[in-house]
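Please work through the exercises below with the sequence and the model at hand. Each exercise sets a task and then gives a solution in steps.

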Amino acid sequence: MSSPSAPEASADLAPAPEPAPTLHGFPLTDSHGQAVAHIPRIDYLATMKLLIADGYVMAVDLCGVDYLTHPGRTLPEGVAAERFEVVVNLLDVEHRRRLRVRVQVPADDATCPTLFDLHPGTEAMEREAYDMFGIAFLNHPDLTRILMPEDWEGHPLRKDYGVGAIPVQFSADYVRDAPRPIDTDEVTTWQ
Amino acid sequence: MAVTDHKPTDQTDVQLAEVQSTHAALLHLTSEGGQELRPRSELTARELMREVGSVLRLSEADAARFSADSPVGAHQYHDDQTMIINMGPQHPSTHGVLRLMLELQGETVLRSKPIIGYLHTGMEKTGETLTYMQGGTNVTRMDYVSPLNNELVFSLAVEKLLGIDGDIPDRAVWMRMLLSELNRMSSHLLFMATNGMDLGAVSMMLYGWREREEVLRFFQKVTGLRMNHNFIRPGGLAADLPAGWRDDVLAILDMLPERLAEYDTLMTGQPIWRERLQGVGVITAQEAMALGATGPILRSTGLAWDLRRDMPYLHYDEMEFDVIVGQYGDCFDRFAIRLNEIRESMKIVRQILDRMPSGDYRIQNKKVTPPPRARIDESMEALIHHFKIFTEGFKVPEGEVYVAIESPRGEIGCYIASDGSPKPYRMHVRAPSFVNIQTLPHMMRNCLVADAVAIISSVDPVLGEVDR
């Protein structure tokens, strides 16, 4: 049916490399039909500002992920995998669309700029990410633990946090055997 | 050339060094860091501006005026004049273990801060140790007032990762909608009860619980449990609807309109009720969006945003219903929205009853569906399959996905990152209550203590979901 030259013509057309989709110059990938932008930490705040202008006015969710035991995950070209990731889900109310932003955060410098000044609603979520992963959000107005007690040691959602290997807090044994310094007044009240 | 090439790197190094030293300083500060509200005498204008908020919440001039380092502020808001008190965690109107620290001047709330974590049980960590099959038992306990919506969002996320989200049988989809809407009704009925109780309409508490009980009784018939059902599972549902379910649903639908009219008499039309709620806890659409608030709080500001209509899932795009919005963004709007959303849910349930198809209630995909009980007795393969799926679970391809649906409290989202194993690598739930309580300090500014109770109630937080 088709002429012999037809496959050749299409073969000529096929290798033309389709430019990888980008968003403000950063790789944009598709995860199960959802748009994901990979933004370097250094450009994070500036790009989030641009995204607000694009219509993504709501930051509905922010969470951390610790990829310690799963380093070989799929990332677009040019994005170096780091141990931590900060994942922000943005919502554009006007155009009814979502965008997910993934920011790589290295383990030896687990910090990330805060979104508080752009999206005040991320205040509690960033505190949660700090509490659970130890990612410090720079310039956050109130970076304290939010779910764990304030004197808790370690960050529970990290993959190297020993489940079952930690003393049970709030039990009588814990106060007696704990190596950490404790207020003598507190101990007497407990006993 | 080489020099210019190096310049940015040097700068980055300097920046990084700065960042690292700040990090160390921060960690040092926060390891002891109090979560409590700090007294005003320790608060400079700049800190006040950031603590009580961004531009949206307090102007710079106000911050300068109200802070301790201004002459006016030091005089007017001195520690002698104001008092910081705790409300909760053991307080009947904080809906569980919400603790609020209020800075009061007389009866007026100047600043407030919610302190949470008293119900934290590490459910996201637990989620990493449970297979996708078992995960439902975990997420259903987060927002224990609307457990079926939690299960639904988790199942939808897992199905999306598996790539079977388009293959779920029709009956399963419609059953999910039926349960989700009934759950919305039961949740809002509970709100009617607690809202009434918080504001002194104590008889309302009994009425609300009574109507909710009817819905829970239906859930018990369908799922076997009143709460924490684990009924909606990846791939479909645990079982089919029992015989006579249609009559039970119709009985609820026939009973409710009359009762809701009673609520109108008891609350909506009451001058005392309106006085307590109208103009209290006002928030604008801009502020609600900036704070990430969703659900009735966002809709009370006049912004018609409902994921069922705006980003439809299941078969909501085929349903006829209205998105209820308010106008003033006050407590009364939030009450009225929930009351009318019960009516809208009833409308949806009636349409579901008309269109409920016959068919399978779960996907017939050997990967995720265990074989039926009868097959296990006659087939060795079925027995092995059954054993494998319940001991090891099923593997989910590598990837990450965020799925959000409209729960009675707002957008509930589930973020799952999978590494290809039978357990989620990371399972995060975007809990609407967790985000919504951030609006409390904002709505409570300069209100009275009695109004603070009305405001907490109108946000309708579920602490199981806040703390997870």
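The exercises that follow concern a predicted model.

**Exercise 1. The fold of chain A**

Task: State how many helices and strands chain A has, and in what pattern they follow along the sequence.

Solution. 
Step 1. Counting the elements of chain A gives 5 helices and 8 strands.
Step 2. Along the sequence these elements of chain A are arranged as α-β-β-β-α-β-β-β-β-α-β-α-α.
Step 3. Chain A has 191 residues, of which 37% count as buried.
Step 4. When contacts in chain A between residues at least 6 apart in sequence are considered, 53% of them join residues at least 24 apart.

**Exercise 2. Where chain A touches chain B**

Task: Determine how many residues each chain brings to the contact, and which element of chain A gives the most.

Solution. 
Step 1. Chain A contributes 40 residues and chain B contributes 49 residues to the contact.
Step 2. On the side of chain A that touches chain B, the elements giving two or more residues are β4 (58–66), β5 (84–92), α3 (123–133) and β8 (136–138) of chain A.
Step 3. The element of chain A that gives the most to this side is β4(A), with 6 residues.
Step 4. By residue class, the side of chain A that touches chain B comprises 20 nonpolar, 10 polar and 10 charged residues.

**Exercise 3. A sheet in chain B**

Task: Describe the order of the strands in the open sheet of chain B and name the edge strands.

Solution. 
Step 1. The sheet has 3 strands in the order β1-β2-β3 (chain B), and the pairing is antiparallel.
Step 2. β1 (83–87) and β3 (108–115) of chain B each pair on one side only, and are the edge strands.
Step 3. From one strand to the next, the twist averages 25°.
Step 4. Strand β2 (residues 99–105) of chain B is joined to β3(B) by 7 bridges, the two strands running antiparallel. Within these strands, B:Q105 stands opposite B:T108 in β3(B).

**Exercise 4. The packing of two helices in chain B**

Task: Classify the packing of α10(B) against α15(B) by angle and handedness, and name the residues that meet.

Solution. 
Step 1. Two packed helices are described by the angle between their axes and the distance between the axes.
Step 2. Helix α10 (residues 245–268) of chain B packs against helix α15 (residues 331–355) of chain B at an angle of about 160°, and the axes are 11 Å apart.
Step 3. Angles over 145 degrees count as roughly antiparallel; α10(B) and α15(B) are therefore roughly antiparallel to each other.
Step 4. The crossing of α10(B) and α15(B) is left-handed.
Step 5. From α10(B), the residues B:R246, B:V249, B:L253, B:L256, B:L260, B:Y263 and B:T268 take part; they meet B:A336, B:L339, B:I342, B:R343, B:M346, B:V349, B:R350 and B:L353 in α15(B). This contact consists of 11 nonpolar, 1 polar and 3 charged residues.

**Exercise 5. Buried or partly exposed?**

Task: Compare the surroundings of B:W273 and B:Q351.

Solution. 
Step 1. B:W273 lies in helix α11 (residues 271–277) of chain B, while B:Q351 belongs to helix α15 of chain B.
Step 2. B:W273 is buried, because 20 other C-beta atoms lie within 10 Å. B:Q351 has 17 C-beta neighbours inside 10 Å and so counts as partly exposed.
Step 3. Apart from neighbours within four places in sequence, B:W273 is in contact with B:A201 and B:M267.
Step 4. B:W273 and B:G200 are 73 residues apart in sequence, yet 9.3 Å apart in space, C-alpha to C-alpha. B:Q351 and B:M443 are 92 residues apart in sequence and 37 Å apart in space, again C-alpha to C-alpha.

Methods:
Residues are numbered from 1 along each chain as its sequence is written. Chains are lettered from A and ligands numbered from 1 in the order in which they are written. This is a predicted model: local features need pLDDT of at least 70, side-chain atom pairs count only at pLDDT 80 or more; totals for chains, interfaces and linings use all residues. Axes are lines fitted to C-alpha atoms, for helices over the stretch in contact, and angles run from 0 to 180 degrees between N-to-C directions. Helices (H or I, at least four residues) and strands (E, at least two) are DSSP runs, numbered from the N terminus. Angles under 35 degrees count as roughly parallel, over 145 as roughly antiparallel, 65 to 115 as roughly perpendicular and the rest as oblique. A crossing is left-handed if the near helix is turned anticlockwise from the far one by less than a right angle, and right-handed if clockwise. Two residues are in contact if their C-beta atoms, placed from the backbone, lie within 7 Å. Ala, Val, Leu, Ile, Met, Phe, Trp, Tyr, Cys and Pro count as nonpolar, Asp, Glu, Lys and Arg as charged, and the others, Gly among them, as polar. A residue is buried if 20 or more other C-beta atoms lie within 10 Å of its own, exposed if 12 or fewer, and partly exposed in between; C-beta atoms are placed from the backbone. Two strands pair if DSSP finds at least two bridges between them.
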